[in-house]
Each structure stands twice: as C-alpha cells, then as structure tokens.
Amino acid sequence: MAVASLHCTFSPKISTSLKLPEVTQGVQLSCSWRSVNKVLRSRYDGDRLQRKKGKWSLIPSKSRGNSTVLCSLAASPAGEVVISSEKKVYDIVLKQAALVKKQLSSNVLLDVKPKLVAPRTQNLLKEAYDRCGEVCAEYAKTFYLGTLLMTPERRRAIWAIYVWCRRTDELVDGPNAFHITPSALDRWESRLENLFAARPYDLFDAALSDTISKFPVDIQPLKDMIEGMRMDLKKSRYRNFDELYLYCYYVAGTVGLMSVPVMGISPESKATTESVYNAALALGIANQLTNILRDVRDDARRGRIYLPQDELAQAGLSDQDVFNGKVTDKWRNFMKSQIKRARMFFSKAENAVTELNQASRWPSMILE
C-alpha cells in the first residue's frame with residue numbers, strides 16, 4: 001500500500017506529522033501533536049482530507065473550533081515522518097529562549113555589570129574590541145552607525161559577534177574560498193569550541209570569548225552558522241522553500257539568536273521569550289531572502305541559484321533563464337512573489353522591537 005506523510009502546522013505553534021495510507025477523498029484522520037506550551041499530546045478525531053484544484057487540504061473537525069491549519073502533503077515511499085525545516089528551527093528557538101528565561105529568572109540580564117579583570121588583560125580586551133569595531137566600521141557602515149546608539153557593553157558585544165560571523169562567512173565567500181575544504185570548517189568549529197572554553201586563539205576570538213562570559217550567548221547558533229557554510233560547499237540548488245528556509249536559518253537566522261541575549265528583553269515586556277526569539281529569527285530570514293534576491297546575478301556567475309526550484313518551474317522558468325539574466329514578464333511575476341515572502345518575514349519581525357531592552361530599541365530599528 002502506498003504511504004504518504006502529512007505535515008500539519010496548527011496555529012499557534014503546534015505541529016505534527018502523520019503517516020497516512022493511500023490518500024482518498026474525505027479520509028478520516030486522527031491528529032496528534034505535542035503542545036509547545038504544555039508539552040502534552042492531544043487528539044482530535046474527525047479531521048478529513050479534501051482535494052481542491054489539485055491540492056490537498058486538511059479540514060478540521062468541529063471539535064477543534066476555528067484553529068488555523070496549514071498542511072503540506074509529501075509522498076514518502078518508506079512511510080517516514082516528514083519534519084519541516086521550520087519545525088526543526090523552531091525547536092532550536094525554544095531551547096535558546098529557555099536559556100535566556102533561566103538567566104532572566106536569576107536577574108542576570110537586567111543589568112550587565114563589567115567584570116573585574118587584571119589591567120593587562122583589560123588593555124588586551126580593549127584592543128580586541130576596538131579592532132572588532134574597526135572591522136565593523138569598514139565593512140558594514142550602516143550597521144556600525146546603528147551600534148553606536150547602544151550602551152558601550154552591548155555595542156562591543158555586537159561588534160565581536162559581527163566579526164566572528166564575517167570571518168565565518170569569508171571562509172566560503174572570501175578570496176580564499178576556493179581552497180576551503182570541509183576539514184577546514186571542522187577546524188574552525190573546534191576553534192569555536194575552544195573559544196567557548198575560554199581558550200581564544202587570537203584577539204578577535206578573545207573579544208567573543210569575553211562577550212559570552214557576560215551575556216548568555218549559546219554555542220548552538222554559531223555551530224549552525226558553520227553548518228550553513230558546509231551547505232555552501234556541497235549544495236548550489238534548493239528544491240523548495242523548505243530547503244531554502246533551513247539554509248537561511250543557518251547563515252542569517254542564527255545571527256538573530258546570537259543577538260537577542262545581548263540586546264536584552266525588557267523587564268516590562270509581556271511577550272513570551274519565544275516570540276521575541278521568533279521575531280529575531282524572522283528578521284534574519286527576511287534579510288537573507290532580500291540578499292538572495294539582490295544577488296541573483298552574482299550568485300549565478302558562480303553557478304549558484306538560491307531560488308526554490310519548484311517555484312521557478314511553476315513560474316515557467318528554468319536555471320538557464322536565471323543564467324541568461326533576461327528580465328521577462330514571467331521573471332517579474334516570479335520575483336514579485338519572492339519579494340512578498342521576504343516582506344512577510346520583515347512584518348513578523350517588526351512588532352518585537354518594543355519588547356527589547358529600552359537601550360536596544362532604537363539601534364534595532366536602524367539595524368533592520
């Protein structure tokens with residue numbers, strides 16, 4: 001019997017994947033998922049599949065009320081459960097938010113206080129942060145101006161994070177990218193682990209090592225960014241937006257997760273920590289989607305296409321159309337849909353700015 005997997009996302013923040021027998025019109029389903037808030041399993045019976053205009057949709061039973069349901073049906077000959085990239089990334093967001101919650105409960109994040117260090121070490125750290133600021137000012141002028149509105153402690157921390165991210169990106173996009181191998185990225189990850197263990201290799205590493213001693217920045221988003229670099233070494237096409245979303249998280253969404261602990265969440269905020277992290281993630285995704293649309297021609301010259309292959313095909317476009325670089329009505333319509341998606345992620349990010357620590361709100365608006 002043919003088997004398919006149905007991945008469903010229920011609003012708000014509940015998702016599940018179901019193994020289904022051969023799909024037929026009106027089949028009755030039993031939906032089971034893990035509640036994000038209560039970590040429980042709930043069941044609703046009576047849901048059914050309906051095919052309309054060639055697409056399957058899940059019709060909720062009356063017992064669920066007006067919950068929004070978004071579904072995607074994917075054939076899985078082996079009957080494997082399909083977990084979307086968005087769900088995978090959301091699990092990471094929950095873990096990062098939990099770390100900050102723990103710090104908030106102990107009042108660590110409310111006021112960042114400078115640590116007492118030996119004069120010589122203090123001078124070295126000042127030099128390390130100053131050099132990070134110089135790199136930021138040279139390569140990201142608008143971003144740098146935004147950081148000047150932050151408190152000195154937060155400003156230096158953001159500089160240190162920026163420089164590490166830039167150096168990581170340069171491994172696969174810089175002048176020596178042609179010589180970079182997977183083993184080189186493995187060594188870079190080992191160096192990151194040493195940095196988190198207070199064993200920095202150089203001044204730039206020392207700045208970040210000091211930053212993570214003052215702010216609850218977790219290593220996972222930084223490791224995930226390195227994973228994004230690994231993807232760039234072995235992957236130049238993305239079958240669908242699910243694949244592209246994961247890549248965007250790795251190379252840009254991670255920056256948002258690194259930054260929230262430094263920006264801080266306002267003590268008066270009534271928003272959940274998870275929602276603030278989700279907004280930071282959305283801003284990173286939005287920025288990366290915008291970069292992709294801006295750099296289509298440059299990426300094509302390097303043989304890379306960061307556009308969903310299935311959506312290109314639906315628009316009547318091919319890789320060759322991208323390489324040719326000719327602007328047609330088909331291309332315009334395709335790009336409109338891609339721009340709309342990027343704007344949707346920007347919209348998700350905007351509302352969370354007011355939930356940040358007051359000292360970080362204006363800089364964050366500029367950095368957007």
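Here are some notes on the predicted model above, taken point by point.

1. Ground rules. As this is a predicted model, local features need pLDDT of at least 70 and side-chain atom pairs count only at pLDDT 80 or more, while totals for chains, interfaces and linings use all residues. Numbering runs from 1 along each chain as its sequence is written, and side-chain values use heavy atoms, with hydrogens and water left out.

2. Overall picture. The protein chain has 14 helices and six strands (DSSP runs numbered from the N terminus: H or I of at least four residues for helices, E of at least two for strands). Of its 368 residues, 45% are buried, meaning under 20% relative accessible area with a 1.4 Å probe, protein chains only. Take the contacts (heavy atoms within 4.5 Å) between residues at least 6 apart in sequence: 65% of them join residues at least 24 apart.

3. The second largest pocket. Its volume is about 1,500 Å³, counted as the space filled by probe spheres set on grid points joined across faces, edges and corners. A pocket here is an open set of points on a 1 Å grid over the protein atoms alone, where a 1.4 Å probe fits, with protein on both sides within 12 Å along at least five of seven lines; lining residues have an atom within 4 Å of a point. There are 46 lining residues, and Ala252, Val255, Asn287, Gln288 and Asn291 are the closest to the pocket's centre.

4. Who lines it? Helices supplying at least two residues each include H4 (152-173), H7 (219-234) and H8 (241-263). H9 gives the most, with 11 residues. The lining divides into 26 nonpolar, eight polar and 12 charged residues (Ala, Val, Leu, Ile, Met, Phe, Trp, Tyr, Cys and Pro are nonpolar; Asp, Glu, Lys and Arg charged; the others, Gly among them, polar).

5. Gln288. This residue is found in H9 and counts as buried because its relative accessibility is 14%. Leaving aside neighbours within four places in sequence, Gln288 is in contact with Tyr247, Cys248, Val251 and Ala252.

6. H7. The length checks out: at 1.5 Å a residue, its 16 residues should span 22 Å, and the end C-alpha atoms are 23 Å apart, which agrees (the expected span is 1.5 Å times one less than the number of residues). Among its buried residues are Asp224, Arg230 and Asp232. At the helix start, a side-chain oxygen of Asp218 comes to within 3.3 Å of the backbone nitrogen of Gln220.

7. Thr147. This residue sits in H3 (residues 141-147) and is buried, at 0% relative accessible area. Its side chain reaches the backbone oxygen of Tyr144 at 2.5 Å.

Key: Buried < 20%, exposed > 50% of the residue type's maximum accessible area, 1.4 Å probe, protein only. Polar contact = N/O pair within 3.5 Å; in protein donor to acceptor, adjacent residues only side chain to side chain.
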